[in-house]
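Colleague: I have the model open. Can we go through the ligand site and then the sheet?

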Amino acid sequence: MSATLFQGDSVKAHRLDDGIVELCFDRTNDAINKFDKRTVSELGEALAAIAAAGDVRGALITSAKDVFIVGADITEFGEMFTQPEDRIASNGIVQNQVFTALETLPVPSVVAINGFALGGGLEAALAADFRVMANTAMVGLPEVKLGLFPGFGGTVRLPRIAGAEVAVQWIASGKPAKAGPAQAAGVVDAVAEPESLRDAALDLLEQAIAGEVDWQGRRAAKDSALPAGAAGIFAAAKATVAKQSPRNQPAALAAVELMETAAGEGREAALALESRGFAKIAKTQAAASLVQIFLNDQQLKKKFKAHAKNARPLQQAAVLGAGIMGGGIAYTSALRGTPVLMKDIGQQQLDLGTAEAGKLLAKQVRNGRLKQDKADAILASIKPQLDYTGFDRVDAVVEAVVENIKVKHAVLSEVETLIGEDCVIASNTSSLRIDDIAVPLKRPENFVGMHFFNPVPMMPLVEVIKGSRTSDVAASTIVGYGVAMGKTPIVVNDCPGFLVNRIITPYLLAAARLIADGLDFVKLDTVMEAFGWPMGPAYLSDVIGLDTATHVNAIITAGYPQRMIYDFGFATERFAKAGRYGQKNGVGFYRYETDPAGRPKKLVAEDSHELLKAVQANGTRDFSDAEIVERMMLPMIVEAAHALEDGIVDSAMEVDMALILGLGLPQYLGGALKYADWLGLDAVVAMSERYQALGPMYAVPASLRAKAGRGERYY
Ligand code: NAD
């Protein structure tokens, strides 16, 4: 009798002693296991072979990798989700038969979970009778983070195994759990050291075979309706889940509604409901976008690897300027393991920068994220100084002095004579051209932009800007530094505003134009926040600072005079002239106060409307929500398309990721260009024609029009 029952590319089944079969996930030529179509179908074949073998007493399910199964193969989603909803649903029903075959094996089954069992990986484990988990492993159903919910039976099995409350919590939050909480929640039956995981699983299997644990009783519960009361738990959870979901991401709520509907059904009917619900959620804008963002992220990581091959080693950095940005950069660098010299011209600024870093580290210690001695070592790796001692040994200098080209020229020419030949200089300028700053430098090939966003420790994006003379090595070195700092660097070619500020400028101009045309800024903010932005444009301008916003707008519009035209009263400027700078001095569009708990509170400033009369030549009027959204978002799509057409970045996905990470563009849109794809490029062209009267900021570039003509998309 052969020991091998089934041998596929991803799944194997072979006999152990005593009539036990081991079904093992072991994907050929891969470090991990995942559920792609092939793996699901091989699992079906392996289970059929086990069921047909006749002399089997129990099934042990394992992985030969460091992880059990990381989840579904997300690269297959794009194509799968373009199918009609009915097709997606019927595929789901067919795939689910495989998981049901596992659940209905004629013998008891136990899964040994090592590493990760996420998404489909945990759903497979839930189909077995028992689960033993390594104490180092993590399990969870993170599908909502992709705009989806579990579609391999997770919404059916989890509540039937662990109860309705656990199912809501796990599925709606998408958060994975460690072994302790997973066992306490009843999702796994036992926890073991990684070395004894297999033995523990075999032990439990022997107990089941011996009838010492009631596997058949368990199965019956998984095949039945949920206990009375479950539907009520789901119903009661809906309001909270809806409130906690990001705007326009309906998956979590849909999952809870689905579980409520299916609570009274047995397995088969509940699975059919899940497949139908999954197909529907797979067709949403949020799913399309969040899946794309996941894939973009993977692509960016590949790019980082390529840069790493090209980069110079970077062990010691220096920062010029200990202000808001320089201080944040020094702190982040040190925190993530690159020691840094922090130079300023004033002792007071150095003290402020150091104190701020100290405060942030103390907070990490308080939150239990850092030990005190580690925090002390990090702080000690920031060396505040008034001179250039040690600059001859640094691998990179980040310049964050005041935004003044003369000062930058003087500082950088000086520093260039003190550093090594291979040292890269990166400027954190927000509005000056890299080529302009590079003018007096002797080694412009070693000079690059490194544009962080404020506050540096929080904001994930950094734009790495290549001037016309910047070398690839210098850019790659700074990409590597950004990655080492835990940021997502995106490489951009030099242009006014780089990528993010260039694209937000037309968006804020569109807001100013709407206000000038008579729209109430409170309504504008309300509509754009309902659309998904974390802050409406007036509030955002207050946060940026209305003086800063006016200044930045003037610089960037000057760079695109053919398109970014404002020949109307400009609200931001109006407020700035009146000395109302926004949040920083307590009043702008809104008035800011702190509540008794010290939290900032935003109030409508009654006199704002009065002040705005000066820019509203024809008085006030109302606009429909749809018109507001179109007039705000179209200029952003147009500018994003221009930036790509101009070759400022390599790909649509880099434009979109920069907007999501740098601006907080709502994730469900997937970016400006992904949004254009969702609307349909034809529809974008038609919209552009409808708003022709608003000028060239609303006119789509030739490349977009041509793409629409060819029936193409950005993705
Ligand atoms: P800041 O005024 O808070 O800090 C500037 C610091 O540079 C001050 O501490 C000043 O003493 C110091 N300085 C001036 N001359 C110096 C010299 N010769 N050598 C060393 N230090 C010197 O300004 P900031 O907001 O931190 O901005 C710094 C840079 O970052 C600017 O180029 C700005 O455009 C850019 N930036 C700012 C933001 C933001 O939101 N604040 C965002 C992105 C980029």
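Colleague: What is 2.9 Å from an N or O atom in the side chain of Asn-428?

Modeller: An oxygen atom of the ligand; a polar contact here is a pair of N or O atoms within 3.5 Å. This is a predicted model, where local features need pLDDT of at least 70, side-chain atom pairs count only at pLDDT 80 or more, and totals for chains, interfaces and linings use all residues. Residues are numbered from 1 along each chain as its sequence is written, and side-chain values use heavy atoms, with hydrogens and water left out.

Colleague: Which atom of Met-325 is 2.8 Å from a ligand oxygen?

Modeller: A polar backbone atom. For Gln-349, a polar side-chain atom lies 3.0 Å from an oxygen atom of the ligand.

Colleague: How much of the ligand does the protein bury?

Modeller: 79% of the 830 Å² that the ligand exposes when taken alone, by the Shrake-Rupley method with a 1.4 Å probe.

Colleague: Which elements give two or more residues to the shell?

Modeller: H14, H17 and E16. Helices (H or I, at least four residues) and strands (E, at least two) are DSSP runs, numbered from the N terminus.

Colleague: Switching to the sheet, what is the strand order?

Modeller: E13-E12-E11-E14-E15-E16-E17-E18, eight strands in an open sheet with mixed pairing. Two strands pair if DSSP finds at least two bridges between them.

Colleague: Which are the edge strands?

Modeller: E13 (382-385) and E18 (488-493), each pairing on one side only.

Key:
A polar contact is a pair of N or O atoms within 3.5 Å; within protein, one must be able to donate a hydrogen and the other to accept it, and residues adjacent in sequence count only if both atoms are side-chain atoms.
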